[in-house]
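I opened my notebook to get to know a structure that was new to me. Here is what I looked up, in the order I looked.

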Amino acid sequence: ITARPDIPPRLYSISSAETNALIEILYKVIPEGVLTPELYNLKTGNNIYITLPFGRFIAQPGPAWYIATGTGLAPFLSMIRSGFTNCLKLLHGSRMLDDLYENIYLTKTLDENNIQCYTGTEVFDGYKGRLTQYIRETPSLNPSHKYYLCGRAEMVVDARDILLSRKIPFQHIYSEIYF
């Protein structure tokens, strides 16, 4: 996606359902960024430049954990909005309350299977700590479940290593790293 032909394109994950007529993306405005301030300031009728989506859903039927930080939630939102909610646990972490995106929708859709992990200082009615800490503290992880990771490289690597140490088979761990 790019807002002008002179701005290099950036990759974004679609957060809308795969059957939606409109494409939604989830992004955080980075004030010093090249593209997100431009996207934020778009008005109805402005043009943006996009390519056709590439990649594919890798979600498979069956029990799964979706594990994300920040806007790494986007592909999981798309999968949830596309109906991949059966036997699902979502683990979403952030340092800022504003970055726990779509929490009302996700709580309504997933109920107690929407686990929000927060490391900031504000009062919070959820899990207080890193999502990697939550994974470590979970009494038992089912090795037959699938574990999907999306977010910053450090979190993905740390979460993968924790899952492997907890006897989750490597072939049950899927990841997407964003920059």
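The entries below go from the whole chain down to single residues.

**Entry 1: the model and its layout**

I noted at the start that this is a predicted model. I then looked up the secondary structure and found five helices and six strands in the chain. Reading along the sequence, I wrote down the pattern α-β-α-β-α-β-β-α-β-α-β. The radius of gyration came next: it is 17 Å, close to the 16 Å that the globule rule gives for 179 residues, so the chain is as compact as a globular protein of that length. For the box around the C-alpha atoms, taken along the principal axes, I have roughly 50 × 35 × 30 Å.

How much of the chain is buried? I found that buried residues make up 39% of the 179 residues. The chain exposes about 10900 Å², and carbon and sulfur atoms supply 55% of that area. I also looked at charge: there are 17 positive and 17 negative side chains, and the centres of the two sets lie 5 Å apart. Then I turned to contacts between residues at least 6 apart in sequence, and 62% of them join residues at least 24 apart.

**Entry 2: the cores**

Which residues have the most contacts inside the largest nonpolar core? This core has 19 residues, and my list reads W65, I67, L91, I135 and L163. I checked where the core residues come from: β1, β3 (114-118), α4 (131-137), β5 (146-152) and α5 (153-165) each supply at least two. The largest share, five residues, comes from α5. Another core lies apart from this one; it has 18 residues, among them Y101, L106, Y148 and C150.

W65 sits in strand β1, which covers residues 64-69. Is W65 buried or exposed? Its relative accessibility is 6%, so W65 counts as buried, since the cut-off for buried is under 20%.

L163 touches I67, I135, L141, Y147, L149, I168 and I173.

**Entry 3: H92**

Next I looked at H92, which has its place in strand β2. Its relative accessible area is 0%, so H92 is buried. Leaving aside neighbours within four places in sequence, I found H92 in contact with residues including A68, T69, G70, L73, D99, L100 and Y101. The contacts of H92 also include I115, Q116, C117 and L131.

**Entry 4: two positive phi values**

I kept a reminder here: most residues other than glycine have a negative phi. With that in mind I looked up E102, where phi is near 55°, a positive value. E102 is in the loop between β2 (88-94) and α3 (103-110). At 35% relative accessibility, E102 counts as partly exposed. D111 also has a positive phi, near 55°. Where is D111 found? I located D111 in the loop between α3 and β3.

Definitions and conventions: Residues are numbered from 1 along each chain as its sequence is written. This is a predicted model: local features need pLDDT of at least 70, side-chain atom pairs count only at pLDDT 80 or more; totals for chains, interfaces and linings use all residues. Side-chain values use heavy atoms; hydrogens and water are left out. Helices (H or I, at least four residues) and strands (E, at least two) are DSSP runs, numbered from the N terminus. The radius of gyration is taken over C-alpha atoms; the globule rule is 2.2 Å times the number of residues to the power 0.38. Buried means under 20% relative accessible area, exposed over 50%, partly exposed in between (1.4 Å probe, protein chains only). Contact means heavy atoms within 4.5 Å. Accessible areas come from the Shrake-Rupley method with a 1.4 Å probe; for residues, only the protein chains shown count as cover. Lys and Arg count as positive and Asp and Glu as negative; His and the chain ends are not counted. The place of a charge is taken as NZ of Lys, CZ of Arg, CG of Asp or CD of Glu. A nonpolar core is a set of buried Ala, Val, Leu, Ile, Met, Phe, Trp, Tyr and Cys residues joined through side-chain atoms within 4.5 Å.
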